[in-house]
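The following exercises concern the structure shown below.

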Amino acid sequence: MPYHSMRRKDREIVDAVTIDGILAGGRYATIALVGESPYLVTLSYGYDPELKRLCFHVAHEGKKLERIAADPRGCATVIDDLGYKTGECAHPFRSVVAFGRFRLVSDPADARRAMRTLLMQLERNDDAWGEMRLDDAARFQRFSVLVFEIDACTAKQGQ
């Protein structure tokens, strides 16, 4: 469901499977947070297609969390860089801009699911969870788990 009408309809991606694929294939998302001045930050993430959310691990305090506490609304962009074509002045890409709300995860089971989602997307190794001892509850005390629940998005491709 688009957030707004895209001007270049010839570049718009509307297929939900393709959009999920872009989000599931990325490693970094740039997030924009609401506040008294513009604030963007790029974070590694994992995408949970079943719950339509991006999952992050963050410090227990800082500017991101202050902004989210004041207003959880935000935006996230993921870009699938398909590589610059030297000599053609062309740079194929696909991108998704998602709109939604950020939420700190307090439920331990939900935090484990979010971290497993993140880890599996970044590590792409089924053994990484055990190797990093993430079944140990004490490990989760070192960081906070943040999710971005997607309400709507737009996606496009270009050359």
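## Exercises on a predicted model

**Exercise 1.** In this predicted model, determine which residue in the hairpin of S3 and S4 takes a positive phi, and describe how the strands pair.

*Solution.* Step 1. The hairpin of S3 and S4 has 4 residues between the strands, and Lys52 takes a positive phi near 50 degrees there.
Step 1. Strand S3 (residues 46-48) runs antiparallel to S4, and 3 bridges join the two.
Step 2. Within this pairing, Tyr47 stands opposite Leu54 in S4.

**Exercise 2.** Identify the residues that Asp20 touches beyond four places in sequence, and state which side chain forms a polar contact with that of Asp20.

*Solution.* Step 1. Asp20 belongs to helix H1 (residues 16-25).
Step 1. Leaving aside residues up to four places away in sequence, Asp20 touches Tyr47, Pro49 and Lys52.
Step 2. The side chains of Asp20 and Tyr47 are joined by a polar contact of 2.5 Å.

**Exercise 3.** Explain why the buried residues of H2 line one face of the helix.

*Solution.* Step 1. The buried residues in helix H2 (residues 63-70) are Lys64, Leu65, Arg67 and Ile68.
Step 1. Viewed down the axis of H2, these buried residues fall within an arc of 160 degrees, so they line one face of the helix.
Step 2. The face turned away from the buried side of H2 carries the exposed residues Glu66, Ala69 and Ala70.
Step 3. The buried residues of H2 pack against strands S1 (28-33), S2 (39-44), S4 (53-58), S6 (93-104) and S7 (144-158).

**Exercise 4.** Decide whether Arg67 is buried or exposed, and describe its surroundings.

*Solution.* Step 1. Arg67 is part of helix H2. Its relative accessibility is 7%; because buried means under 20%, Arg67 counts as buried.
Step 1. Not counting residues up to four places away in sequence, Arg67 touches Leu33, Val34, Gly35, Glu36, Ser37, Pro38 and Tyr39.
Step 2. Arg67 and Leu33 lie 34 residues apart in sequence, with a C-alpha to C-alpha distance of 6.5 Å.
Step 3. A polar contact of 3.5 Å links the side chains of Arg67 and Glu36.

Definitions and conventions: Residues numbered from 1 in each chain as written. Predicted model: local features only at pLDDT ≥ 70, side-chain atom pairs only at ≥ 80, totals over all residues. Heavy atoms only, no water. Polar contact = N/O pair within 3.5 Å; in protein donor to acceptor, adjacent residues only side chain to side chain. Contact = heavy atoms within 4.5 Å. Buried < 20%, exposed > 50% of the residue type's maximum accessible area, 1.4 Å probe, protein only. Arc of directions from axis to C-beta. Pairing = 2+ DSSP bridges.
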